[in-house]
Each structure stands twice: as C-alpha cells, then as structure tokens.
Amino acid sequence: MSECCSNSPSKITEQDCPQCGTSCKSVGTKTLYHQVKFPENQAINSDRYYFCPVKTCAVGYFSTAGSMIPKQQLRSAQNIQEDMLCYCFDISEAQYRFALQANTAESIKHFVIEQTRSGTCACEIRNPSGQCCLAKFKRVEKEIAHCD
C-alpha cells in the first residue's frame with residue numbers, strides 16, 4: 001500500500017470530543033495544515049489535535065490544550081456533510097451504496113485499492129481524519145449485507 005495508508009509513524013491516540021462526547025482519533029500536523037482554511041491554519045499550535053467525524057457536531061478539530069477549530073473552517077466541510085467516503089477520488093457514501101445495490105461496486109473499490117497501492121492517493125491531506133478510506137468501504141459493505 002502507499003505510504004498514506006500504511007501505519008503512520010506517530011501513534012494514533014483517542015480523546016473524547018469536548019462538544020459531542022464522541023471518541024475521536026488524533027491527526028497529524030500535515031492533515032491540519034491542509035484541511036484548515038487560511039488564515040486560521042496559521043494559528044495551529046504544536047498541541048496534539050483530534051478530528052471529530054460527527055457531521056452534526058460543530059467541532060472539526062480540537063486539541064489537548066483546549067483549542068477548537070470549527071468544521072466551517074475546514075476545506076472539506078461540505079464533503080463531511082455529504083458523507084464523503086473517499087476524499088481522494090470524490091466517491092460519496094451514497095454513490096457506493098447505490099453501486100453495491102446495483103452490483104457495480106467492485107470496480108469502484110478495485111479502482112481505489114489500485115490507486116492506493118500505486119501511491120496516487122492523498123489520504124493524509126485530503127481526508128479530514130488523515131486516515132485511509134478502505135476500512136470505510138468495508139463498513140458500508142457490512143451495513144448493506146446486514147440489511148439484506
């Protein structure tokens with residue numbers, strides 16, 4: 001797999017969102033600088049930051065020192081609201097669910113896997129969580145299979 005989807009060199013930790021209480025994973029500084037719009041990205045300090053994935057929560061990132069960055073200050077704010085599945089290749093969860101029901105999803109997933117293997121994905125900067133999306137594909141597949 002590409003570097004962005006391998007185990008990151010820094011250990012991922014979890015912290016509860018101060019607004020909604022959801023357990024959130026830490027993100028790297030590179031993710032923050034690419035996700036937070038200018039000029040707010042200039043105020044990012046060296047604290048450990050966490051991404052809140054709950055689309056109804058106003059908090060995008062928060063730090064261990066109490067800093068908060070609202071989702072509206074993120075480049076991907078609209079995509080978060082639209083349940084983007086793969087930020088690198090603009091595949092929404094709704095598109096993938098439709099493809100699963102139409103039995104055409106295999107080519108979509110294969111494309112993302114191949115692009116990830118070849119290193120053309122950019123999860124660390126395109127995905128606000130800084131994480132690879134492949135696990136999300138599996139989660140959606142399980143949800144669809146469970147409903148059948």
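R117 is exposed, with a relative accessibility of 52%. Here exposed means over 50% relative accessible area, buried means under 20%, and partly exposed lies in between (1.4 Å probe, protein chains only). This is a predicted model, in which local features need pLDDT of at least 70, side-chain atom pairs count only at pLDDT 80 or more, and totals for chains, interfaces and linings use all residues. Residues are numbered from 1 along each chain as its sequence is written, and side-chain values use heavy atoms, with hydrogens and water left out.

**Salt bridges overall**

- Side chains of opposite charge can pair when their charged atoms come close.
- A salt bridge is counted when a side-chain nitrogen of Lys or Arg is within 4 Å of a carboxyl oxygen of Asp or Glu.
- Nine salt bridges turn up in a search of the whole structure.

**The pair in helix α4**

- R117 forms a salt bridge with E114, at 3.0 Å from N to O.
- Both R117 and E114 belong to helix α4, which covers residues 105–117.
- Helices here are DSSP runs (H or I, at least four residues), numbered from the N terminus.
- Three residues separate R117 and E114, about one turn of the helix.
- E114 is partly exposed, at 30% relative accessible area, whereas R117 is exposed.

**The network around E143**

- Salt bridges link E93, R97, R139 and E143 in a network.
- R97 pairs with E143, and their closest N and O atoms are 2.2 Å apart.
- That pair links distant parts of the chain, with R97 in helix α3 (residues 93–101) and E143 in helix α6 (residues 134–147).
- R97 and E143 are 46 residues apart.
- R139 also forms a salt bridge with E143, at 2.9 Å from N to O.
- R139 and E143 both sit in helix α6, four residues apart, about one turn of the helix.

**Exposure within the network**

- R97 is partly exposed, with 24% relative accessibility.
- E143 has a relative accessible area of 29%, so E143 counts as partly exposed.
- R139 is partly exposed too, at 34% relative accessibility.

**A buried lysine**

- K109 is another residue of helix α4.
- Its relative accessible area is 15%, so K109 counts as buried.
- K109 touches Y96, F137, K138 and E141, leaving aside residues up to four places away in sequence.
- Such a contact means heavy atoms within 4.5 Å.

How values were computed:
Helices (H or I, at least four residues) and strands (E, at least two) are DSSP runs, numbered from the N terminus.
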